[in-house]
Amino acid sequence: MGEILESLLSYLADNWPELLWIVIAASVASYLAGRRSLTQWRRRDFLGRLNVSLTYLEGETLRIRTILETDAEEIFLNASASTAIVQMAKKTTAENPLIPIPPEDRWFYLNSILNEISERFAHGHLKRAMDASVVEDDFLIALTCERAGKVRTQKIRALLFRRQFLENLPEEAPRYESPNHDTRWQTVQFLAERWTDSPDEFLELRLCL
């Protein structure tokens with residue numbers, strides 16, 4: 001035991017400058033990470049998170065329900081892609097909540113989300129393959145970062161709609177479960193026009209239950 005302690009003390013005596021710098025660097029990194037987390041919390045900035053949000057009408061009421069939420073990197077499986085989508089999300093505006101993804105990259109991002117959603121509804125596709133009774137419908141996905149109104153948190157949101165819903169919006173605004181849901185209704189109206197003019201910014205999928 002004495003020899004081990006003596007060897008350790010000798011190592012520390014010979015290498016203390018390097019060890020000190022390691023401790024300082026680790027402390028600074030930890031401090032900066034803490035400051036960044038606190039700043040994000042105060043600003044309600046969670047752009048590293050991806051939320052898949054189902055939006056639909058139930059009667060005359062607009063419903064917004066989370067299908068899944070996770071870190072963006074868990075969906076896109078690539079740190080560079082996740083960093084890039086966060087930077088693109090910062091460019092959205094109150095008037096245009098669609099994330100400005102370059103045309104050549106849209107399929108990659110949207111298909112990654114489609115795969116995650118499809119996995120969660122796999123039992124429906126299996127039932128269909130076995131000729132069992134299923135309920136199925138066509139849906140649309142669009143990647144947004146809403147900034148209008150009183151949005152509580154800044155997140156990347158993959159909005160999920162029935163295609164029929166987006167193509168047949170009522171003229172009158174629906175009732176809202178929460179006053180800040182008027183922002184989502186503005187987004188829905190914007191996306192309905194965008195779907196007509198620029199369908200390549202969306203991805204279609206069929207879900208089975």
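**Reading a predicted model, one term at a time**

Me: Why is T55 called buried?
Reply: T55 has a relative accessible area of 0%. Buried means under 20% relative accessible area, exposed means over 50%, and partly exposed lies in between (1.4 Å probe, protein chains only). T55 falls under that limit, so T55 is buried.

Me: What should I know about the model itself?
Reply: This is a predicted model, in which local features need pLDDT of at least 70 and side-chain atom pairs count only at pLDDT 80 or more, while totals for chains, interfaces and linings use all residues. Residues are numbered from 1 along each chain as its sequence is written, and side-chain values use heavy atoms, leaving out hydrogens and water.

Me: Where is T55 found, and what makes that element a strand?
Reply: T55 is found in strand β1. Helices (H or I, at least four residues) and strands (E, at least two) are DSSP runs, numbered from the N terminus. The protein chain has 7 helices and 6 strands.

Me: Which residues does T55 touch?
Reply: Leaving aside neighbours within four places in sequence, T55 is in contact (heavy atoms within 4.5 Å) with L62, R63, I64, L160, F161, F165, R184 and V188.

Me: What makes the link between T55 and R184 a polar contact?
Reply: The side chains of T55 and R184 are joined at 2.8 Å. A polar contact is a pair of N or O atoms within 3.5 Å; within protein, one must be able to donate a hydrogen and the other to accept it, and residues adjacent in sequence count only if both atoms are side-chain atoms. The value is within that cut-off, so the pair qualifies.

Me: How do you know whether N168 is buried or exposed?
Reply: N168 has 53% relative accessibility, over the limit for exposed, so N168 counts as exposed. N168 sits in the loop between α6 (163–167) and β5 (175–176). A polar atom of the N168 side chain lies 2.8 Å from the backbone oxygen of Q164.

Me: Why is S112 called buried?
Reply: The relative accessible area of S112 is 12%, which is under the buried limit, so S112 is buried. S112 belongs to helix α4, and the S112 side chain reaches the backbone oxygen of F108 at 2.8 Å. Not counting residues up to four places away in sequence, S112 touches I75, F76 and W107.

Me: How many disulfides are found?
Reply: A search of the whole structure finds 0 disulfides; a disulfide is a pair of cysteine sulfur atoms within 2.5 Å. C145 is buried, at 0% relative accessibility. C208 is buried too, with a relative accessible area of 0%.

Me: What makes a group of residues a nonpolar core?
Reply: A nonpolar core is a set of buried Ala, Val, Leu, Ile, Met, Phe, Trp, Tyr and Cys residues joined through side-chain atoms within 4.5 Å. The largest one here has 31 residues, and I85, I113 and L143 have the most contacts inside it. A second, separate core of 14 residues includes L140, A142, W185 and F202.

Me: What makes β3 and β4 a pair?
Reply: Two strands pair if DSSP finds at least two bridges between them. β3 and β4 have 6 bridges, in the antiparallel sense, so they pair. I141 stands opposite L160 in β4. β4 is mostly covered, with 8 of its 9 residues buried.
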